[in-house]
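Subject: Structure handover

Hello,

The structure is below for you to take over. My notes on it follow.

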Amino acid sequence: MNSYPVFLQLKNFRCLVVGGGAVALRKVKGLLNAGALPQIIAPEVNAELLSIIEQNKLVWIERKFETNDTKGFQLIIAATNDKETNAAIRLEASVAHLLVNDVTDPEGSNFHVPALVSRPPLMLAFGTSGEVPYLSHKLKAFFEDALHSDLGDDIERLKQCRISIIERAGNDTKLKEQLISSELNPLVEDFLRNMAIGKDQIQNKSI
């Protein structure tokens, strides 16, 4: 199944996570990292999720999922340990044309959360349309280990170079192209050569 890859800006999204266990915890963390403030529905939550709810002042409705609970939300994650409950959540959200991910039924979901490697502002996403999530997570672990942790500093230098070129070139397209070729391109080439622990080492690493 082909997927359309997209990075969502979730700051103003109304997001719902149904579930209170380890999977729900991981989903809530991911949404928080993306700038969302998800609401949680679950009769119980684990200790770490409770701590996150309290620290971030998230809304937690302490009960099981009920009909119409998805109303008013834009993105829903069904992360309970009950397939029937997750299916009910997925069906209700799908009928309303909402974004919904059922952790127990990737094929029935209309979006999947990729495995991410983050070196802000660079982000790499690995996905197999929910078909082989194990591979996605192995690729994530591989590149987490392979990529330098300070890539953000290198990207900042590229950003500043680009800003300088835009300021100096103004509306002169020819000058802009010359500056990109002489100044930005060498920095990008150097970045690509040095972004990993080393080509030979990557080739010898095992997924």
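Leaving aside neighbours within four places in sequence, L75 is in contact with L8, L10, F13, R14, C15, L16, L31, L99 and F111; contact means heavy atoms within 4.5 Å. A second, separate core of 14 residues includes A115, I165, L184 and F191. A nonpolar core here is a set of buried Ala, Val, Leu, Ile, Met, Phe, Trp, Tyr and Cys residues joined through side-chain atoms within 4.5 Å.

Before the rest, the basis. This is a predicted model, in which local features need pLDDT of at least 70 and side-chain atom pairs count only at pLDDT 80 or more, while totals for chains, interfaces and linings use all residues. Residues are numbered from 1 along each chain as its sequence is written, and side-chain values use heavy atoms, with hydrogens and water left out.

The largest nonpolar core has 19 residues, of which V28, L31, I40, L49, L75 and I77 touch the most other members. Two or more residues come from each of β1, α1 (22-33), α2 (47-56) and β4 (75-78), and α1 gives the most, with 4 residues. Helices (H or I, at least four residues) and strands (E, at least two) are DSSP runs, numbered from the N terminus.

Next, S109. This residue lies in the loop between β5 (99-102) and β6 (115-119). S109 counts as buried because its relative accessibility is 6%; buried means under 20% relative accessible area, exposed over 50% and partly exposed in between (1.4 Å probe, protein chains only). The S109 side chain reaches the backbone nitrogen of D102 at 2.7 Å and the backbone oxygen of D105 at 3.0 Å. With neighbours within four places in sequence set aside, S109 is in contact with R90, V100, N101 and D102.

Last, the segment before β1 (15-18), where Q9 has its place. Q9 counts as exposed, because its relative accessibility is 68%. The C-alpha atoms of Q9 and A34 are separated by 7.3 Å, although the two are 25 residues apart along the chain. Y4 is also in the segment before β1, and Y4 counts as exposed at 72% relative accessibility. Y4, V6 and L8 make a nonpolar surface patch of about 360 Å². Such a patch joins nonpolar side chains (Val, Leu, Ile, Met, Phe, Trp, Tyr) within 5 Å, from residues with over 30% relative accessible area and no salt bridge (a side-chain nitrogen of Lys or Arg within 4 Å of a carboxyl oxygen of Asp or Glu). Areas come from the Shrake-Rupley method with a 1.4 Å probe.

Regards

Notes. A polar contact is a pair of N or O atoms within 3.5 Å; within protein, one must be able to donate a hydrogen and the other to accept it, and residues adjacent in sequence count only if both atoms are side-chain atoms. Patches are made of residues with over 30% relative accessible area and no salt bridge: like charges are joined within 9 Å, nonpolar side chains (Val, Leu, Ile, Met, Phe, Trp, Tyr) within 5 Å.
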